[in-house]
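Colleague: I would like to learn how to read a few features from coordinates. Where do we begin?

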Amino acid sequence: MDVGELLSFKPEQTPKRPSDFERDQQNDDDDEHSPEPAARSQPPKKVTRTEQSVSARGIPALPTKEPQISEEERLNILKFVETEEPDGEVLDEGGLKRMLLLFEKRVLKNQEMRIKFPDSAEKFMESEIELNDAIQELHAVATVPDLYPLLVELNGVASLLDLLSHQNSDISVAVVNLLQELTDVDILHESLDGTETLIEALRNQQAAGLLVQNLERLDESVKEEADGVHNTLAIFENLIEVKADIAKEVAEQGLLQWILKRLRAKMPFDANKLYCSEMLSILVQDTNANRITLGNIDGIDVLLQQLAVYKRHDPSSAEEQEFMENLFNSLCSALMAKENREKFLKGEGLQLMNLMLREKKLSRNGSLKVLDHAMAGPDGRDNCNKFVDILGLRTIFPLFMKTPKRSKKRLLSTDEHEEHIVSIIASMLRNCKGSQRQRLLSKFTENDFEKVERLMELHRKYLDKVEAMDREIDQELRNNEDEEQDDDMVYVKRLSGGLFTLQLVDYVILEISCTDVVKQRVLKILNLHNGSMKMIRNVMREYAGNLGDANDSDWREQEQSHILQLIDRF
């Protein structure tokens with residue numbers, strides 16, 4: 001080899017490992033030039049441990065080099081990713097102004113064309129399509145809630161609400177879809193100023209009333225309009241979630257009446273009917289004025305009629321079961337207003353709930369809760385007496401003696417079931433007078449005092465639960481000595497841990513101990529299980545001390561006096 005050859009000599013380069021892209025290209029080339037399929041296209045063979053050792057002893061495999069970057073480069077990449085602008089321009093004030101200006105022009109043009117050619121749809125259809133496109137473009141505003149004040153200032157909200165009465169329902173549905181996105185809860189939480197401004201503008205413009213008027217004309221047999229109904233309900237839900245006091249306004253502006261009308265409609269069960277039941281439950285959950293309004297527009301009768309379907313038939317799907325539970329919850333909330341107790345009684349609600357308990361269907365769970373609400377407190381007196389008259393004791397005491405096993409038919413937990421049953425019996429003992437009270441007390445003496453035995457069994461069960469909860473609370477307080485103790489929170493935790501049911505059980509014990517034979521049996525059972533009268537008295541004194549309806553101080557004083565008399569007599 002001469003000098004020239006030496007100088008021009010280059011060693012063979014190690015073949016570079018092809019990338020996935022290069023490998024795909026090579027496979028494509030092989031497919032074109034070779035009649036046989038390339039072996040490389042087959043899945044890779046799994047290498048065994050033995051093969052690995054042979055490979056290690058033989059020709060060493062080329063190591064795969066990972067790209068190395070410095071810490072500074074890594075931080076720069078992270079910073080770039082965090083600050084990188086998304087594809088497309090982010091909407092700013094100038095962009096919103098241009099968008100609204102175009103929107104207003106399209107609105108005016110459409111109005112002019114409709115006035116000019118009222119009977120020629122093909123003449124104004126193009127302007128209507130342009131208007132719809134302009135509304136779709138405004139969806140970009142929902143991505144920048146900080147621009148909501150500017151949207152309101154430029155009368156954008158007012159113009160949108162005006163379009164809810166547009167002759168073409170497609171336009172009004174497009175506006176509803178836009179408003180639903182603008183009021184999305186996650187978006188509203190991103191900008192407090194924007195939220196306040198938008199909601200205030202909607203309230204000032206009576207948006208709820210306009211939305212309800214639009215609901216009246218939508219035809220749910222058309223999918224787009226059915227979606228418009230669903231989105232309208234979503235707007236109401238969003239607004240109430242952000243500002244609870246809006247619930248009263250939307251009910252007054254017609255939403256409550258529309259929901260009842262929709263529930264009564266002879267239409268197959270669908271997502272909108274389920275959503276209506278959910279919205280009804282939200283409207284009456286915390287707003288007493290809405291409960292009273294519901295009663296005044298025959299809402300109690302509508303709820304009972306809708307629930308009567310489930311007296312002998314279970315819901316056919318999970319969604320329909322949720323619908324039924326929403327109706328029960330709405331009825332329970334409505335019965336918290338004393339004005340509705342009488343309507344429930346006249347509407348034969350007690351008879352329906354009693355039949356549901358006997359039929360052993362899924363509706364039994366809700367009927368127990370409804371009876372508990374209907375009979376509680378001094379406003380439940382008439383319902384308690386009527387329940388005894390319709391032979392309700394024959395239904396309630398078998399459930400008291402034996403809690404049904406947890407199954408698809410009984411969704412309530414054992415503790416919830418026992419709480420409702422004992423609460424109903426306690427309410428009847430407090431409210432029933434005369435012959436009804438005697439019939440109730442006689443139940444505890446029949447069959448060798450079996451119901452007293454069961455009552456004392458519940459007393460022991462819930463006393464153990466409360467003692468366990470007290471130990472747990474004491475341990476938490478020792479572990480967090482530095483934190484200030486909140487007595488109210490501790491009491492609430494004890495109530496949820498079994499104290500509330502224990503108080504009800506012990507109240508029933510005090511009430512039925514007015515007869516000597518029952519009192520002797522109670523003392524006998526207490527002594528048999530190392531119990532004490534002192535424990536029952538302590539529980540009831542604590543109950544009397546924490547009784548509360550702050551709005552009715554007369555009832556509270558009367559109830560406290562009654563309980564203290566029972567304690568002294570016991």
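Modeller: With burial: a residue is buried when its relative accessible area is under 20%. Keep in mind that this is a predicted model.

Colleague: How many of the 14 residues of α9 are buried?

Modeller: Eleven of the 14 are, so α9 is largely enclosed by the rest of the structure. Among the buried residues are Ile171, Val175, Leu179 and also Gln180.

Colleague: What span should helix α9 have, and how far apart are its end C-alpha atoms?

Modeller: The expected span is 1.5 Å times one less than the number of residues. For α9, residues 169-182, that gives 20 Å, and the end C-alpha atoms are 20 Å apart, which agrees.

Colleague: Which residue caps the N-terminal end of α9?

Modeller: Asparagine 168 does, with a side-chain oxygen 2.9 Å from the backbone nitrogen of aspartate 170.

Colleague: How many disulfides are there?

Modeller: A disulfide is a covalent bond between the sulfur atoms of two cysteines. The cut-off is 2.5 Å between sulfurs, and the count here is zero. For cysteine 432, the nearest cysteine sulfur belongs to cysteine 384 and is 5.2 Å away. Cysteine 432 is buried, at 0% relative accessibility.

Colleague: How many aromatic pairs does the search find?

Modeller: Three, over the whole structure. In one of them, phenylalanine 397 with phenylalanine 400, the ring centres are 5.9 Å apart and the planes lie at 85°, so the pair is edge-to-face. Both residues sit in helix α23, three residues apart, about one turn. Phenylalanine 397 is buried at 2%, and phenylalanine 400 is buried at 2%. Ring pairs join Phe397, Phe400 and Phe444 into a cluster.

Notes. Residues numbered from 1 in each chain as written. Predicted model: local features only at pLDDT ≥ 70, side-chain atom pairs only at ≥ 80, totals over all residues. Heavy atoms only, no water. Buried < 20%, exposed > 50% of the residue type's maximum accessible area, 1.4 Å probe, protein only. Helix = DSSP H or I, 4+ residues; strand = E, 2+ residues; numbered from the N terminus. Polar contact = N/O pair within 3.5 Å; in protein donor to acceptor, adjacent residues only side chain to side chain. Phe/Tyr/Trp six-rings, centres within 6.5 Å; stacked < 30°, edge-to-face > 60°.
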